[in-house]
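The sequence and the structure are shown first.

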Amino acid sequence: MDNSQNVGYQAGQAKGQAQEKGNQMMEKAGNAAQSAKETMQEAGQQMQATAQGAADAVKNATGMNK
């Protein structure tokens, strides 16, 4: 392999490695986004349950649940 072939080979290797690194970063970003979405959904469900509990407590205290 002469020098120009070696340089071309190394450039191809570097390009492949950069693409793989980019793919890995995109996968990590996707995983982080999914995790954030799930966390927000859980937080929303907890807030909804808390609000429902507070509403029920008011109804119980005022006798509106009967």
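## Charge and surface

In this predicted model, the chain carries 6 positive and 6 negative side chains, and the centres of these two sets are 10 Å apart. The chain exposes about 5800 Å² of surface, of which carbon and sulfur atoms supply 55%. Buried residues account for 0% of the 66 residues in the chain.

## Overall dimensions

Taken along the principal axes, the box filled by the C-alpha atoms of the chain is roughly 90 × 10 × 5 Å. The radius of gyration of the chain is 28 Å, whereas a compact globule of 66 residues would have a value near 11 Å.

## The helix and its end

The chain contains one helix and zero strands. Helix 1 covers residues 3-62, which is 60 residues, and from its first C-alpha to its last it reaches 88 Å, close to the 88 Å expected at 1.5 Å a residue. After helix 1 comes glycine 63, whose phi is positive, at a value near 75 degrees.

Threonine 62 has its place in helix 1, and its side chain reaches the backbone oxygen of lysine 59 at 3.3 Å. In an α-helix there are 3.6 residues a turn, so residues three or four places apart point the same way. With a relative accessible area of 49%, threonine 62 is classed as partly exposed, because this value falls between the limits of 20% and 50%.

## Lysine 15

Lysine 15 is also found in helix 1. Its relative accessibility is 55%, and lysine 15 therefore counts as exposed, the cut-off for that class being over 50%. Between the C-alpha atoms of lysine 15 and serine 35, which are 20 residues apart along the chain, the separation is 30 Å.

Notes
Residues numbered from 1 in each chain as written. Predicted model: local features only at pLDDT ≥ 70, side-chain atom pairs only at ≥ 80, totals over all residues. Heavy atoms only, no water. Helix = DSSP H or I, 4+ residues; strand = E, 2+ residues; numbered from the N terminus. Rg over C-alpha atoms; globule rule 2.2 N^0.38 Å. Buried < 20%, exposed > 50% of the residue type's maximum accessible area, 1.4 Å probe, protein only. Areas by Shrake-Rupley, 256 points an atom, 1.4 Å probe, with all protein chains shown as cover. Lys, Arg positive; Asp, Glu negative; His and termini not counted. Charge placed at Lys NZ, Arg CZ, Asp CG, Glu CD. Expected span 1.5 Å × (residues − 1). Polar contact = N/O pair within 3.5 Å; in protein donor to acceptor, adjacent residues only side chain to side chain.
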